Amino acid sequence: MAANGYRDPEKQKLLLKEHEEKHFMSSEIVRDIIMGVSDGLTVPFALAAGLSGARVSSSIILIAGMAEVAAGAISMGLGGYLAAKSEADHYMRELKREQEEIINVPDIEAAECAEILSQYGAEPHEYEGVVSALKRNPQHWVDFMMRFELGLEKPDPMRALQSAVTIALSYIIGGLVPLLPYMIIPIAGEAMVASVILTILALLIFGFAKGYFTGNQPFKSAIQTAFIGAIASAAAYSIAKLFRD
């Protein structure tokens, strides 16, 4: 019975629920958070370091940094919205085309369905019943072709707005970290040192969490994330200092 648990409806529901929970942290929301926090920590950090290299006051750095965070959050959020909206529009176009094809050329679609199943190791006598069952239910047939022929999943209707808000808020949270020292310390040079320490620490923690939740090596991810942020800020600081001198 254990080997054929999928035949028991209750066991099947339990298995599917466990599988869904296992993959929850790799969802689109988590990817949006990673994108927003990653850029939010790095870009304002590099900007603040660059302005510090130009020897401007903490208040100027803070004003410029806050303006960048606001503009960056809007830009990133809008980008996330447009990307998700484009995916939804693409899905609807392909869905309409598949719906037309199962009406106009059902035999070709059935042959494509059989070919897909055969690629998974099913023999003709095994998949013929599946194809017949799908043909009796056009909606399920279309869903099958969308997933297994085109590799497309039905998008959440709220996905575009959700992506925009998630990325924008994540960017703001990440962007405020390197600017915190400039809110407290009036001397730009001292504030920059504190900002570097605080942001590198935040990048290490964020990189570790990102690696942990995405299934990658957490320590390697932490080092890579912090290294990229350090390189960006060092480059901005050096360029600003070069032109200043």
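Helices, in the sense used here, are DSSP runs of at least four residues, and strands are DSSP runs of at least two, both numbered from the N terminus. With that in mind, we can look at this predicted model and begin with residues 60–84, a span that is 100% helix and 0% strand, with its end C-alpha atoms lying 36 Å apart. The UniProt record, in an unreviewed entry, places the feature "transmembrane region" at these residues and also at 164–185, 191–209 and 221–240. Residues 191–209 are likewise 100% helix and 0% strand, and here the end C-alpha atoms are 26 Å apart.

Of the contacts between residues at least 6 apart in sequence, 71% join residues that are at least 24 apart. Buried residues account for 33% of the 245 residues, while the chain exposes about 15,100 Å², of which carbon and sulfur atoms supply 66%.

Helices α3 (58–104) and α7 (159–184) each supply at least two residues of the patch, and α7 gives the most, with four residues. Is Tyr81 buried, exposed or partly exposed? Because its relative accessibility is 33%, and partly exposed covers the range between under 20% for buried and over 50% for exposed, Tyr81 counts as partly exposed.

Methods. Residues are numbered from 1 along each chain as its sequence is written. This is a predicted model: local features need pLDDT of at least 70, side-chain atom pairs count only at pLDDT 80 or more; totals for chains, interfaces and linings use all residues. Side-chain values use heavy atoms; hydrogens and water are left out. Buried means under 20% relative accessible area, exposed over 50%, partly exposed in between (1.4 Å probe, protein chains only). UniProt positions are given in the numbering used here, feature names are shortened, and annotations may be inferred rather than shown by experiment. Contact means heavy atoms within 4.5 Å. Accessible areas come from the Shrake-Rupley method with a 1.4 Å probe; for residues, only the protein chains shown count as cover.
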